[in-house]
Amino acid sequence: MRIFNTLTRSKEEFVPLNPSKIKMYVCGPTVYNFFHVGNARTFIIFDTVRRYFEYRGYEVEFIQNFTDIDDKMIKKANEDNTTVKEVGDKYIAEYYQDADGLNIERATCNPRATEFIDDIIEFVSGLIEKGFAYEVNGDVYFRTKKFEGYGKLIKQNLEDLQAGARINVDERKEDPMDFAIWKAQKPGEPAWESPWGPGRPGWHIECSCMAKKLLGETIDIHAGGMDLAFPHHENEIAQSEALTGKPFAKYWMHSAYLNVNNQKMSKSLNNFLTARDALKAYDGDVIRFLMLSAHYRVQLNFSTELLDSAKASVERLYNAIDNLENLINEVTTEKMTKEEVKYLEKLNAYKERYIEKMDDDFNTADAITVLFDLVRDYNTNITIDSSKELCEKALELIRSLGAPLGMLQK
């Protein structure tokens, strides 16, 4: 199996830390609103990666966090005249409802940042002790220049990053590129006691801390949308490796943007469709089909026309399943003939092709093509004259190949 590693910009042979178990961390949502279909693409892609690993026999410890303390959440709580915790509780429940609708498997654990405050404080203290962080009036900043590898994920040096970055001007920082890992309390904000006074964690430190606590100092795969590569994942690498002195993740995976009219879908551009609204009009299989119809590293344009096309494609696959189920109830011959045994061996070649495509950096687009080739074969060669056993084996095959894609299980 080969995976494109963002860290090395190349496809690499996948060699897990443990031969039978994979430790995988995927950045989850900030729970202040419904997630949109651009977010859904990322969630679906890495759910599929996790499912395929399991299909190939691995045990996957899959962590996807909820950021439940953040500027956006504080703003939302103030707008709704409620607490940050209540906002988080509400939209975590909404996340699960939409994720279930999209056939996304539950993570091994969905940690909330606020559940790890003590661990985050310990993490920040460790960085201060090692000289990688410093405190200013209750805020704690990470010294990017002290970490020699800063910029290695996105292949830019500090000077280039500083020239092109959107930097919050703060004269208290030693360097403009230093970033906050602990924020002092502002009036009306929730806060926790710390050695630097009441405050809350910065966004980047949460994932570093939870990954270390739940999966260990080095993990197999860290993943998320391409928009997180910088600064979020770059900062995670710096914090984690500065503290432990060990590689944070062996493989970094990033999914490409979902575009609307060739623009990145985002709440700030107000060009987004929530997953909730999409699920009112289309089945979860249809949405998954569209998201997986292009390779995860290729930008995908989103439109109702493409969803309608995906719907027709999914219906074609389900028609083949329906036909097989009907034949199982209608055929009169029970056991396979010798010719059917040979035909079944031929069908297994589709499974081999499917695995070959998915083993090549999770090429779901080509794997879906294999499914349609299989259906075309079924439609030509499996009839009312076939045996019940062959129909059952054929049905089992198409469902088993759909399962890693999170489709064709209804």
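Predicted model: local features only at pLDDT ≥ 70, side-chain atom pairs only at ≥ 80, totals over all residues.
**Helices α4 and α7**

Two packed helices are described by the angle between their axes and the distance between the axes. Helix α4 covers residues 117–129 and helix α7 covers residues 229–244; they pack at an angle of about 70°, and their axes are 9 Å apart. Angles of 65 to 115 degrees count as roughly perpendicular, and α4 and α7 are therefore roughly perpendicular to each other. Their crossing is left-handed.

On the α4 side, the contact is made by F123, G126 and L127, which meet Q239, S240, A242 and L243 of α7. Of the residues in this contact, 4 are nonpolar and 3 are polar, with no charged ones.

**A cis peptide bond**

Helix α7 also contains P231. The peptide bond leading from F230 to P231 is cis, and its omega is near 5°.

**Positive phi angles**

N137 is not a glycine, yet has a positive phi of about 50°. This residue sits in the loop that joins β5 (133–136) and β6 (139–142). K155, also a residue other than glycine, has a positive phi near 60°. The loop holding K155 runs between β6 and α5 (158–164).

The table gives the relative accessible area of these two residues.

| Residue | Relative accessible area | Class |
|---|---|---|
| N137 | 62% | N137: exposed |
| K155 | 47% | K155: partly exposed |

Exposed means over 50% relative accessible area, so N137, at 62%, counts as exposed. K155, with 47%, is partly exposed.

How values were computed
Residues numbered from 1 in each chain as written. Heavy atoms only, no water. Axes fitted to C-alpha atoms, helices over the stretch in contact; angles between N-to-C directions. Helix = DSSP H or I, 4+ residues; strand = E, 2+ residues; numbered from the N terminus. Parallel < 35°, antiparallel > 145°, perpendicular 65-115°, else oblique. Left-handed = near helix turned anticlockwise from the far one by under 90°. Contact = heavy atoms within 4.5 Å. Nonpolar A, V, L, I, M, F, W, Y, C, P; charged D, E, K, R; others polar. Buried < 20%, exposed > 50% of the residue type's maximum accessible area, 1.4 Å probe, protein only.
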